[in-house]
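Here are my comments on the model you asked me to look over. They are set out as numbered points, to be read alongside the coordinates.

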Amino acid sequence: MKVKIKFTVLFSLLAIAFSDHSQACTGIALKAEDGSRVVARTVEWAASPMNCGYAVVPRGYRQQSLTPDGMDGMCYKARFGYVGIYTEYDNFVVEGVNEAGLSAGLFFFPGYGEYPEYKADEKASCISDMQLVTWILSSFDSIDALKEGICSVKVVSLDPRVGTVHWRISEAGGRVVVLEYKDGKACFYENPLGVLTNSPGFEWHITNLANYVNLHPGAAESFSMAEGLTVKPLGGGSAMLGLPGDFTPPSRFIRAAFFSASAPVWPDAFSTVLQAFHILNNFDIPIGAQFSDGNVPEGLPAATQFTSATDLANLKFYYRTCWNSNLRCIDLKTIDFRKVKYRSVPLDEPRVQEVEFLKIK
């Protein structure tokens with residue numbers, strides 16, 4: 001009874017927050033000259049400071065899914081060990097990577113998508129949408145294996161007020177797909193850009209790119225408007241005039257697509273990770289931007305609560321937060337997932353920005 005009450009309160013808080021459009025996520029993917037692949041993303045939540053942490057999950061770890069009735073859904077054991085960042089509850093991993101190099105991330109998808117109808121007599125095969133990332137990372141080493149295995153589960157929402165989500169799944173070789181549910185069925189879309197935001201659906205975002213076909217990197221050409229009058233660009237990047245600058249999912253998708261497509265290709269994975277963080281600086285959402293009445297929550301320095309980047313080739317998971325922008329890294333190759341104990345650790349403890357003071361003599 002206490003468990004059900006706890007999660008009922010949690011889902012009520014989530015539903016209120018999502019109704020205020022406080023969630024926004026932006027994902028990109030980059031490649032290096034040596035063939036390394038990096039996936040990176042932001043996680044926004046403007047309603048309140050989230051309780052985020054990282055989880056280290058060993059092979060053989062047993063988990064059980066929540067359903068609308070409580071913690072009585074599908075049980076599964078981890079075939080692969082993994083590391084991921086969770087929000088509020090350590091089973092709600094929103095971004096992570098397993099020891100086989102498969103990455104998965106959850107992006108909110110309100111107003112779109114439709115899961116299978118929940119039936120209590122099928123709960124043994126039901127998994128909550130907020131826990132699908134943990135199941136994917138626990139169970140699969142490739143996208144093709146996931147596509148075969150997804151038919152064995154029924155994804156359900158724990159509270160319809162929260163809305164639906166969609167997912168980005170990536171392999172170390174560079175393949176990226178988006179998973180969305182339509183009419184209760186799993187639909188996979190190849191994603192050569194590696195970009196994902198929120199609603200509408202992925203296919204709509206790809207179609208919307210055609211509205212910005214005139215944009216390209218560099219400077220626009222000068223032209224003569226009249227005798228004696230030549231119009232010249234005022235600065236660099238003038239060929240991208242018209243790039244949308246707001247924080248809506250369609251606009252963020254366009255910016256993410258153009259910034260990642262025009263980014264230089266760096267020699268190695270670490271340089272590419274740093275490039276990914278620089279690109280995602282452009283998607284940090286100031287905390288006041290999402291509140292028309294100025295009623296800003298206390299103790300939250302930015303709506304972008306954390307940003308992560310995953311080096312899929314070298315199995316390194318990097319992150320920074322709005323409280324501490326220093327990069328931190330978990331190296332999966334140093335973890336023995338056969339022996340390590342399960343753990344969940346807050347991302348920031350304490351929530352303080354570290355500062356390097358320079359000694360001037």
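The points below concern a predicted model and take up its sheet, helices, salt bridges and surface in turn.

1. The open sheet is built from 8 strands in the order β14-β13-β12-β9-β8-β7-β4-β20, with antiparallel pairing. Its edge strands, each of which pairs on one side only, are β14 (185-190) and β20 (343-346), and the twist from one strand to the next averages 20°.

2. Within this sheet, strand β9 (residues 103-108) pairs with strand β12 (residues 165-170) in the antiparallel sense, over 6 bridges.

3. Helix α2 (residues 132-139) is largely enclosed by the rest of the structure, because 8 of its 8 residues are buried. The buried residues include W135, along with the polar T134, S138 and S139.

4. Helix α4 (residues 202-208) contains E203, which counts as partly exposed because its relative accessibility is 44%, a value between the limits of 20% and 50%. Leaving aside residues up to four places away in sequence, E203 touches K182 and Y189; the C-alpha atoms of E203 and Y189 are 8.1 Å apart, although 14 residues separate the two along the chain.

5. A search of the whole structure finds 11 salt bridges. In one of them the side chains of D72 and K123 meet, with an N to O distance of 2.7 Å; D72 belongs to the loop between β5 (62-64) and β6 (75-77), whereas K123 belongs to the loop between β9 and β10 (126-128), 51 residues apart. Both residues are partly exposed, D72 with a relative accessible area of 23% and K123 with 22%.

6. D144 lies in helix α3 (residues 143-149) and R175 in the loop between β12 and β13 (176-182), so their pairing ties together parts that are 31 residues apart in sequence. E190, in strand β14, is 15 residues from R175. The relative accessible area of R175 is 23%, and that of E190 is 43%; both count as partly exposed.

7. On the surface, F223, M225, L229 and V231 form a nonpolar patch with about 350 Å² of accessible area together. The elements that give two or more residues to this patch are β15 (223-226) and β16 (229-231). L229, in strand β16, is partly exposed, with a relative accessible area of 40%.

How values were computed: Residues are numbered from 1 along each chain as its sequence is written. This is a predicted model: local features need pLDDT of at least 70, side-chain atom pairs count only at pLDDT 80 or more; totals for chains, interfaces and linings use all residues. Side-chain values use heavy atoms; hydrogens and water are left out. Patches are made of residues with over 30% relative accessible area and no salt bridge: like charges are joined within 9 Å, nonpolar side chains (Val, Leu, Ile, Met, Phe, Trp, Tyr) within 5 Å. Accessible areas come from the Shrake-Rupley method with a 1.4 Å probe; for residues, only the protein chains shown count as cover. A salt bridge is a side-chain nitrogen of Lys or Arg within 4 Å of a carboxyl oxygen of Asp or Glu. Helices (H or I, at least four residues) and strands (E, at least two) are DSSP runs, numbered from the N terminus. Buried means under 20% relative accessible area, exposed over 50%, partly exposed in between (1.4 Å probe, protein chains only). Two strands pair if DSSP finds at least two bridges between them. Axes are lines fitted to C-alpha atoms, for helices over the stretch in contact, and angles run from 0 to 180 degrees between N-to-C directions. Contact means heavy atoms within 4.5 Å.
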